[in-house]
Amino acid sequence: MVELLFEDIFTVTRLDPDGKKFDKVSRIEARSEQFDMYMQLDVNTEIYPLNVGEKFTMVLASTLNFDGTPDSGYYNQGQKKSLADKYEYVMHGKLYKISEENAGGPNVKVEIYVSFGGLLMLLKGDPSNAANVELDQRLFLLMRKV
């Protein structure tokens, strides 16, 4: 069985907070329901449009194989079923930075930075939600509207 590194339902709170930089990409800000995580994510809105107030499930996984075997690094369309078949939008990237905000203080927050070929994600919240991820790890981000 595939192990999900993170899963929660997010609500889009803002679109392009710093202004629209690219025609086909928007930066969304969203807040999760269960773990109260904050996320900024660049999304190709030409193929996956999102609006303020919309809810979506977001999953981070290290492989798309249902049996949990490591990803080969190659995508073979039309082969066996995978985790991607259950979602509408999938990106593959690399976790390039993990940092802590207020380290040693009462309200410690972890910040996880992932690059999906130039589309960036910041996931910020309780450090226990980042226990399964590590620096330079390759990740899949999967999204499906709720």
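## Second largest pocket

Asp16, Pro17, Asp18, Gly19, Lys21, Phe22, Val25, Ser26, Arg27, Asp42, Gly118 and Leu119 line the second largest pocket. Its volume is about 160 Å³. Strand 2 contributes most to this lining, with three residues. By class, the lining holds four nonpolar, three polar and five charged residues. Ala, Val, Leu, Ile, Met, Phe, Trp, Tyr, Cys and Pro count as nonpolar, Asp, Glu, Lys and Arg as charged, and the others, Gly among them, as polar.

The model is predicted: local features need pLDDT of at least 70, side-chain atom pairs count only at pLDDT 80 or more, and totals for chains, interfaces and linings use all residues. Residues are numbered from 1 along each chain as its sequence is written, and side-chain values use heavy atoms, with hydrogens and water left out.

On a 1 Å grid over the protein atoms alone, a pocket is an open set of points with protein on both sides within 12 Å along at least five of seven lines; a cavity is a set where a 1.4 Å probe fits but cannot get out; lining residues have an atom within 4 Å of a point. Points are joined across faces, edges and corners, and a volume is the space filled by probe spheres set on them. Strands (E, at least two residues) are DSSP runs, numbered from the N terminus.

## Cavity

About 50 Å³ of space lies in the largest cavity. Its lining is Phe6, Met37, Leu60, Leu95, Ile112, Leu123, Asn129, Val133 and Leu139. Eight of these residues are nonpolar, one is polar and none is charged.

## Aromatic pairs

A search of the whole structure finds five aromatic pairs. Phe6 and Phe35 form a tilted one, 5.8 Å centre to centre with 45° between the planes. Phe6 lies in strand 1 (residues 4–15) and Phe35 in the loop between strand 2 (25–32) and strand 3 (38–44), so the pair ties together parts 29 residues apart in sequence. Phe6 is buried at 5% relative accessibility, while Phe35 is partly exposed at 32%. Buried means under 20% relative accessible area, exposed over 50%, partly exposed in between (1.4 Å probe, protein chains only).

Phe10 and Phe56 are stacked, 5.8 Å centre to centre with 15° between the planes. Phe10 belongs to strand 1 and Phe56 to strand 4 (residues 55–61), so this pair ties together parts 46 residues apart in sequence. Phe10 and Phe56 are both buried. Phe6, Phe10, Phe35 and Phe56 form one aromatic cluster. Rings of Phe, Tyr and Trp (its six-membered ring) pair if their centres lie within 6.5 Å; planes under 30 degrees apart count as stacked, over 60 as edge-to-face and the rest as tilted.

## Lysines over rings

Lys97 lies over the face of Tyr113, 5.0 Å from the ring centre. Lys145 lies over the face of Tyr48, also at 5.0 Å from the ring centre. The cut-offs are NZ of Lys or CZ of Arg within 6 Å of the ring centre and within 35 degrees of the ring normal.

## Strand 6 and its partners

Strand 6 (residues 109–116) is mostly covered, with six of its eight residues buried. Strand 6 pairs with strand 5 (residues 89–101) in the antiparallel sense over seven bridges. Glu101 has Lys109 in strand 6 as its bridge partner.

Strand 7 (residues 119–125) also pairs with strand 6 in the antiparallel sense, over seven bridges. Phe116 stands opposite Leu119 in strand 7. The hairpin of strand 6 and strand 7 has two residues between the strands, and Gly117 takes a positive phi near 60° there. Two strands pair if DSSP finds at least two bridges between them.

Conventions: Helices (H or I, at least four residues) and strands (E, at least two) are DSSP runs, numbered from the N terminus.
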